[in-house]
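Student: I have a model open and would like to learn how to read it. Can we go through it feature by feature?

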Amino acid sequence: PRDHREAVQLEEAQGHTKWTEAEAVELKQINDYDTLRDLGKDVALPKGYTKIQVHFVYDCKHDGRFKARLVAGGHLTQADKEDSYSGVVSLKSMRLAMLVGEMNGLSSMVGDIGNAYLESFTRERVGFIAGPEFGTYAGHTLIIVKALYGLRTSGARFHEKLSDTLRQE
């Protein structure tokens with residue numbers, strides 16, 4: 001599906017609720033991480049905040065799971081190059097590091113941090129009006145307080161959080 005409306009149409013046509021369930025799982029995690037602050041229904045954004053859009057990105061995983069990820073429209077905010085940069089490890093660099101480790105008798109370990117960006121707070125001052133996919137919050141003004149996927153600085157904020165956590169004793 002390209003959006004919530006199309007997800008609901010597909011469910012009705014196919015006789016299931018898998019996309020709605022996937023949205024509910026994502027919104028529960030968003031709530032568990034205290035990602036959004038509710039200002040109430042029909043309330044204007046505070047001065048200094050930018051109104052953006054959010055949407056779900058839908059995917060059917062290789063194991064048959066239906067996934068819906070809430071993504072912010074960070075392209076609607078001002079770009080600040082110094083604040084938004086976040087490095088990415090290339091596959092070539094990863095292979096080289098694993099080779100050097102193997103040659104030195106080290107073993108590699110990997111991990112996955114679920115909803116990684118939601119571990120960090122955002123410095124961006126953004127909010128949105130919740131749509132029908134937000135259930136009882138539809139029409140509410142919500143402020144994004146965590147580094148939601150799609151914001152320009154989310155990668156940088158997560159890397160700061162990860163770096164600080166790894167340095168702790």
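Student: In what order do the strands of the open sheet lie?

Tutor: Ground rules come before the order. This is a predicted model, where local features need pLDDT of at least 70 and side-chain atom pairs count only at pLDDT 80 or more, while totals for chains, interfaces and linings use all residues. Residues are numbered from 1 along each chain as its sequence is written, and side-chain values use heavy atoms, with hydrogens and water left out. Now the general idea: strands (E, at least two residues) and helices (H or I, at least four) are DSSP runs, numbered from the N terminus. Two strands pair if DSSP finds at least two bridges between them. Here, 4 strands make an open sheet, ordered β1-β6-β5-β2, with mixed pairing.

Student: Which are the edge strands?

Tutor: They are β1 (36–41) and β2 (50–51), and each pairs on one side only. Look at β2: 2 bridges join it to β5 (residues 126–129), and the two strands run parallel. One partner to find is G127 in β5, bridged to K51.

Student: How many helices and strands does the protein chain have?

Tutor: It has 5 helices and 6 strands. Along the sequence the pattern reads α-α-β-β-β-β-α-α-β-β-α.

Student: What span is expected of a helix, and what does α4 reach?

Tutor: The expected span is 1.5 Å times one less than the number of residues. Helix α4 (residues 91–103) has 13 residues and reaches 18 Å from first C-alpha to last, close to the expected 18 Å. After α4 comes G105, with a positive phi near 75°.

Student: Which way do residues on a helix point?

Tutor: An α-helix has 3.6 residues a turn, so residues three or four places apart point the same way.

Student: Is V54 buried or exposed?

Tutor: V54 counts as buried because its relative accessibility is 14%. V54 sits in strand β3 (residues 54–60). In the whole protein chain, buried residues make up 34% of the 169 residues.

Student: Which residues is V54 in contact with?

Tutor: Contact means heavy atoms within 4.5 Å. Leaving aside neighbours within four places in sequence, V54 touches L70, V71, A72, F128, F134, I144 and L148. Across the protein chain, take contacts between residues at least 6 apart in sequence: 71% of them join residues at least 24 apart.

Methods: Buried means under 20% relative accessible area, exposed over 50%, partly exposed in between (1.4 Å probe, protein chains only).
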